[in-house]
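Welcome, and please open your viewer. We will go from one selection to the next and look at what is there.

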Amino acid sequence: MIQDRLDELSEYFALGLTPHLIPLRPGTNKPLNSWTGLEHRPDPEQTPDDVIQWVNEGHNVGFAVGHSGFVVLDDDRAKNGIDTSTWDPPPTDLVVKTPTGGTHYYYAIDPGAAPSVPVKPPGMPQDVADH
């Protein structure tokens, strides 16, 4: 299981996103340390070895999207019992299934182009955010 998580993280490492990863409390999507999305800044000293240590200690790993040049579409339709065949998200190579049954789709953007707060498309249990 740990190896599966490390294999998934290797995509982030390959994209140079290691400085944007943060440790999360085990079994949650809550930051290990006090943090809000608008305050997180990349840590240029952070290495893949740091992230691997978090995983080996049982922590989940989060991606602080805001300053990374990426935006995430958080699609929670499936976990909310809504038909997912009615809409397909724009194509992307970086897709992550969440432990609760949702899906995160990551898209590269120009810095400053994304919303600063989550946006929920009308009638859809999903949001788009840059944090």
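Start with β4 (residues 94-97) and β5, antiparallel strands joined by four bridges. Strands here are DSSP runs of E with at least two residues, helices are runs of H or I with at least four, and both are numbered from the N terminus; two strands pair if DSSP finds at least two bridges between them.

Before moving on, note that this is a predicted model, in which local features need pLDDT of at least 70 and side-chain atom pairs count only at pLDDT 80 or more, while totals for chains, interfaces and linings use all residues. Residues are numbered from 1 along each chain as its sequence is written, and side-chain values use heavy atoms, leaving out hydrogens and water.

Now select Lys97, whose bridge partner in β5 is Thr103, and then Val96, which is partnered with His104. Between β4 and β5 lie five residues, making a hairpin; in its turn, Gly101 has a positive phi of about 100°.

Click on Asp74 to find its bridge partner in β5, His104.

Move to helices α1 (residues 2-14) and α2 (residues 48-56), which pack at about 155° with axes 11 Å apart. Axes are lines fitted to C-alpha atoms over the stretch in contact, with angles from 0 to 180 degrees between N-to-C directions. Show Ile2, Arg5, Leu6, Leu9 and Phe13 of α1, which meet Pro48, Val51, Ile52, Val55 and Asn56 of α2 (contact means heavy atoms within 4.5 Å).

Finally, color by pLDDT, the predictor's confidence in each residue from 0 to 100. Confidence is highest in α2, at 92, and lowest in β6 (residues 126-129), at a mean of 50.
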